[in-house]
Amino acid sequence: GKLGDTELLEQTYNQMENDNIITPFISLIYKNKVEDNLLKKTFLNILNDQKKNKSNQVSNVGGFQTFPLTKELNLLADIFNFHFSEFSRFLKPKKKITCKIENYWINENKNNDFNKFHHHLPGPNFSLVWYLESTGEGPLNFFNNDLTCSMTGNNDFFEQGFNYEYIIYPKTDDILIFPSNMLHCVYPNHTQNRRVSLAANIFIV
């Protein structure tokens, strides 16, 4: 993907270009696409092979989640390096940084399966998710970590400045990168089509 194709999702008040407005606390989410059918097939085959084993239980309710995997991890390297490099241009690094992913896991959610409210701490700096199969009908919800912002009720009166929830409807090929401390959940899959995603954590070393 080109930089022009990059979709950077920010809290909307970050778009304000006004010297009178201070925006001290901003959470950034990177969104783009990875369109590689051969690579997707590789990881879908890994999922099918792993389904011979017991499902891991972390935030998932129903569905199937693999235990952390390293098989074909090298195939993710180019994708990871390119997209994190694109994201980091917006983050404005203070110095040259080196990142790595140590493993990944694959989630399969069928009808009514979902993932509970969670974050990916402690340990990683960022997390990524790549949707191998998704109709776009099941929302991924991110939350402001300071949920007290919802207690003022200001979001009922203003479009900008008081958001405590951001909803994304990911489709097949979408890739997201976000800070690992961001609270999020995956709502139930109400379709008859399975939703399959590959997730990993990013460590700055």
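Analyst: β6 (104-109), β7 (114-118), β8 (126-133), β12 (183-186) and β13 (195-204) each give at least two residues to the lining of the second largest pocket. β13 supplies the largest share, 4 residues. Helices (H or I, at least four residues) and strands (E, at least two) are DSSP runs, numbered from the N terminus. The model is predicted: local features need pLDDT of at least 70, side-chain atom pairs count only at pLDDT 80 or more, and totals for chains, interfaces and linings use all residues. Residues are numbered from 1 along each chain as its sequence is written, and side-chain values use heavy atoms, with hydrogens and water left out.

The second largest pocket holds about 460 Å³ of space. Its lining counts 26 residues; W105, N107, H118, H120 and A199 lie nearest the centre. By class, that lining has 11 nonpolar, 14 polar and 1 charged. Here Ala, Val, Leu, Ile, Met, Phe, Trp, Tyr, Cys and Pro count as nonpolar, Asp, Glu, Lys and Arg as charged, and the others, Gly among them, as polar. The search runs on a 1 Å grid over the protein atoms alone: a cavity is a set of points where a 1.4 Å probe fits but cannot get out, and a pocket is an open set with protein on both sides within 12 Å along at least five of seven lines. Lining residues have an atom within 4 Å of a point. Points are joined across faces, edges and corners, and a volume is the space filled by probe spheres set on them.

Now the cavities. There are 2 of 30 Å³ or more. L76, I79, F80, I101, L128, W130, I175, L198 and A200 line the largest cavity. These divide into 9 nonpolar, no polar and no charged. α2, β8 and β13 each supply at least two of the lining residues, with the largest share, 3 residues, from α2. The second largest cavity has a volume of about 40 Å³. Its lining is S134, T135, E137, G138, N189, T191, N193, R194 and R195. That set has no nonpolar, 6 polar and 3 charged residues.

β6, β8 and β13 return at helix α1, where they are among the elements covering its buried residues, as are β4 (64-65) and α2 (74-91). Contact there means heavy atoms within 4.5 Å. Helix α1 (residues 37-50) has 14 residues and reaches 20 Å from first C-alpha to last, close to the 20 Å expected at 1.5 Å a residue. The expected span is 1.5 Å times one less than the number of residues. L39, K40, F43, L44, I46, L47 and Q50 of α1 are buried. Seen down the axis, they fall within an arc of 155 degrees, so they line one face of the helix. The arc is that of the directions from the helix axis to the C-beta atoms. N37, L38 and K41, on the other side, are exposed. Buried means under 20% relative accessible area, exposed over 50%, partly exposed in between (1.4 Å probe, protein chains only).

A cis peptide bond joins L121 and P122, with omega about 0 degrees. P122 sits in the loop between β7 and β8. K92 is not a glycine, yet has a positive phi of about 55 degrees.
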